[in-house]
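Please look over the structure shown here. The briefing below takes up its strands, its core and its surface in turn.

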Amino acid sequence: MNIILAQVEDASVIHNVMLQAFKEYEHVTPPSSALSETIESIEQAMKKGEHAFIGYIDEQPVAMVRFTLSAQGIYFLDYL
């Protein structure tokens, strides 16, 4: 697996991987908030300091993690 630090321009890749990962939770109550994210909301979050890693296998995106850094440590985004 090749892991890269994502740039704002990678928001569509992050969005696509996120939708694939959370699709199975589409009909649960309440549905995962990850499914309401948009490419634009991810871009805005990254412009405000959020970061992401994207994992690739054979040049295909297969994983991602979003996080923020602070003086207290790393906060990984989680979704209900």
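**Strands, core and surface**

Phenylalanine 53 lies in strand E2. The model is a predicted one. Phenylalanine 53 has a relative accessible area of 34% and therefore counts as partly exposed, since that class runs between the 20% and 50% cut-offs.

**Strand pairing**

- Strand E1, residues 2-5, pairs with E2 in the antiparallel sense, over four bridges.
- Within that pairing, isoleucine 4 has isoleucine 54 of E2 as its bridge partner.
- E2 also pairs with strand E3, residues 60-70, in the antiparallel sense over seven bridges.
- In E3, methionine 64 stands opposite isoleucine 54.
- Two residues separate E2 and E3 in a hairpin, and aspartate 58 in the turn has a positive phi of about 50 degrees.

**Nonpolar core**

- The largest nonpolar core has 11 residues: Ala6, Ala11, Ile14, Met18, Phe22, Ala34, Ile42, Met46, Ala52, Ile54 and Tyr56.
- At least two residues of this core come from each of helix H1 (11-22), helix H2 (39-47) and strand E2 (51-57).
- H1 gives the most, with four residues.
- In soluble globular proteins, nonpolar side chains tend to be buried together.
- Beyond its neighbours within four places in sequence, alanine 6 is in contact with Ile14, Met46, Ala52, Phe53 and Ile54.

**Nonpolar surface**

- Met1, Ile3, Leu5, Phe53, Ile57 and Val62 make a nonpolar surface patch of about 570 Å².
- E1 and E2 each supply at least two residues of this patch.

Key
Residues numbered from 1 in each chain as written. Predicted model: local features only at pLDDT ≥ 70, side-chain atom pairs only at ≥ 80, totals over all residues. Heavy atoms only, no water. Core = buried A, V, L, I, M, F, W, Y, C linked by side-chain atoms within 4.5 Å. Buried < 20%, exposed > 50% of the residue type's maximum accessible area, 1.4 Å probe, protein only. Contact = heavy atoms within 4.5 Å. Pairing = 2+ DSSP bridges. Patch = residues over 30% accessible without salt bridge, like charges linked within 9 Å, V, L, I, M, F, W, Y side chains within 5 Å. Areas by Shrake-Rupley, 256 points an atom, 1.4 Å probe, with all protein chains shown as cover. Salt bridge = Lys/Arg side-chain N within 4 Å of Asp/Glu carboxyl O.
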